[in-house]
Amino acid sequence: MFRPYREILARPGALSFSAAGLVARLPISMVGIGIVLMVSELYGSYGMAGRVSAVFVVVQAICAPQLAKLIDRRGQAAVMRPALAVACTGLTALVLAAVAGAPEWALYLAAAVAASSIGSMGALVRARWGALLGTPRDLHTAYSLESALDEVAFIVGPVLATTLATAVAPWSALVVPILAAFVGGYWFLAQRATEPPPAPREPGVRTGTILSGSMVAVAGVFAAVGAIFGGIDVAVVAFAEEEGSKGAAGFVLAVFALGSLAAGLAYGARHWRSPLWARFTVGTCVLAAGVSTFFLVGSLPVLAVAGFVAGLAIAPTIITGNALVQAVVPPQRLTEGLTWLTAAMGIGVSAGSTGAGMAIDAYGSRGGFTAVAVAGAAAVLASLAGGPTLRARTRAEEVRVPSAAEPPGAA
C-alpha cells in the first residue's frame with residue numbers, strides 16, 4: 001500500500017520539503033480552534049469567538065490568492081519570507097490584545113494583519129509536487145500524501161490546542177502555531193532547489209482570470225465544505241463544555257481527522273478509473289450525510305465515532321477537488337488555482353463558525369450541529385449544480401499534469 005508513497009518521496013528534495021510543509025501547516029488546524037478557545041474563555045462569548053475567527057479566515061481568503069499571484073510571478077521565497085514575518089507578528093499581537101482584555105475591534109485588527117500575510121502553505125507544497133512529478137498517477141499519490149499530512153496536522157493540532165488552552169492558559173493554544181509557522185515556514189522556503197521557477201508576466205500581456213465555470217464549481221463545493229468544518233470546530237467545543245469535558249474537544253476533532261487520514265492514504269494508494277467529477281460528487285454527498293447525524297448524538301464517545309465515519313469522506317473529496325483544479329488551470333498559475341480553493345474553503349469556514357457560534361449562543365450545541373447539517377446540504381446542492389460543468393471539462397485519466405520541463409505559458 002505504501003510503495004507509491006515511498007517512490008515519490010525518493011525524488012530529490014521531496015521528503016525534506018514535504019516534512020517542512022507539514023510543520024508549516026500546523027497553524028491551519030490550531031489558529032481557528034485556538035481563537036475560539038481563547039476568546040470564549042477570556043470574553044465569555046462563543047458568538048464573539050466565532051466573529052474573530054471569521055475575520056481571520058475571511059481576510060486570509062481575500063488576500064491569499066493575491067499572494068499566490070505574486071508567488072507564481074516572483075517565486076515562493078521572495079514573497080513569503082517577508083509575509084511570514086508579518087503573519088507571526090499579527091498572531092502575537094492577537095494574543096497580547098486578548099490577554100489585555102482589549103475591545104473586540106482590536107482583536108479584529110490583529111487577526112486581519114496576521115491573516116493578510118499568512119498565505120496558503122498547502123498550496124505551495126502542492127505546487128512543488130506539480131513541478132517535480134510528470135504523470136497523473138504520481139501526482140494523485142502526491143496530493144493524497146499531502147491531504148493525509150493535512151489530517152496529521154488536524155489530529156495533532158486540536159488536541160494540542162485544547163490541552164494547552166485548558167491546562168496551561170487560554171492564550172497558549174496560539175503560541176504553538178506561531179512557532180510552527182515561523183520555524184516550518186522558513187525551513188520550507190530555504191529549500192530553493194525544489195522551488196518552482198517563477199513565471200513573470202510578459203509586458204503588455206493580459207493574463208485574465210482563472211475563475212472559469214469549472215473552477216467556480218469546485219470552489220463553490222469547497223466553500224460549503226469549509227462551512228461544515230467551521231461549524232464543527234465551534235459546535236464540538238460547545239458540546240464538550242456542556243458535557244463537562246471541554247478539554248476533550250480536541251480529542252474528538254482529532255478522531256474526525258483520523259478517519260480522513262486513513263481514507264486519504266487508502267485512496268491515494270489506488271489508481272482510480274472513474275471520472276474525477278463523479279468521485280467528487282459522491283465524496284461530497286457521503287460527507288454531508290455523515291455530518292447530518294451529529295445533532296442526534298448524546299455523548300462525546302458517540303460523537304467521536306460519528307465523526308470518524310464522516311471523516312472517511314473528507315480527504316478523498318479534497319484530493320479529488322485539487323486534481324480537478326490541476327486539470328482546469330494553466331500550469332504557470334497552479335499556485336493561484338490551488339490557493340483559490342483554500343480561499344473558498346476559508347470563506348466557508350468563516351460563515352460556518354459565525355453561523356454555528358450564533359446558533360450555539362441561542363440554542364446550545366444542538367443549534368451548532370444543526371448549522372453543520374445545513375452546510376452539508378449546501379455542499380450537496382453545490383456539487384450537483386456544478387457536476388455538468390465539470391463533466392463537460394474533464395474525463396477520467398485525462399488530467400493534464402505540468403512537468404518541470406514545461407515552459408511557462410505552455411497551453
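This report describes the overall build of one protein chain and the setting of one of its residues.

The model is predicted, so local features need pLDDT of at least 70 and side-chain atom pairs count only at pLDDT 80 or more, while totals for chains, interfaces and linings use all residues. Residues are numbered from 1 along each chain as its sequence is written, and side-chain values use heavy atoms, with hydrogens and water left out.

The protein chain holds 16 helices and zero strands; these are DSSP runs numbered from the N terminus, with helices (H or I) of at least four residues and strands (E) of at least two. For 411 residues, a compact globule would have a radius of gyration near 22 Å, and the 20 Å of the protein chain agrees with this. That radius is taken over C-alpha atoms, and the globule rule is 2.2 Å times the number of residues to the power 0.38.

| Property of the protein chain | Value |
|---|---|
| Box filled by C-alpha atoms, along the principal axes | roughly 55 × 40 × 40 Å |
| Accessible surface | about 15600 Å² |
| Carbon and sulfur part of the accessible surface | 68% |

Accessible areas come from the Shrake-Rupley method with a 1.4 Å probe, and for residues only the protein chains shown count as cover. Of the 411 residues, 57% count as buried, which means under 20% relative accessible area. Among contacts (heavy atoms within 4.5 Å) with a separation of 6 or more, 86% join residues 24 or more positions apart.

Thr339 lies in helix 15, residues 334–363. Thr339 is buried because its relative accessible area is 2%. Leaving aside residues up to four places away in sequence, Thr339 touches Ala64, Pro65, Ala68, Ser120 and Ala123.

Terms used: Buried means under 20% relative accessible area, exposed over 50%, partly exposed in between (1.4 Å probe, protein chains only).
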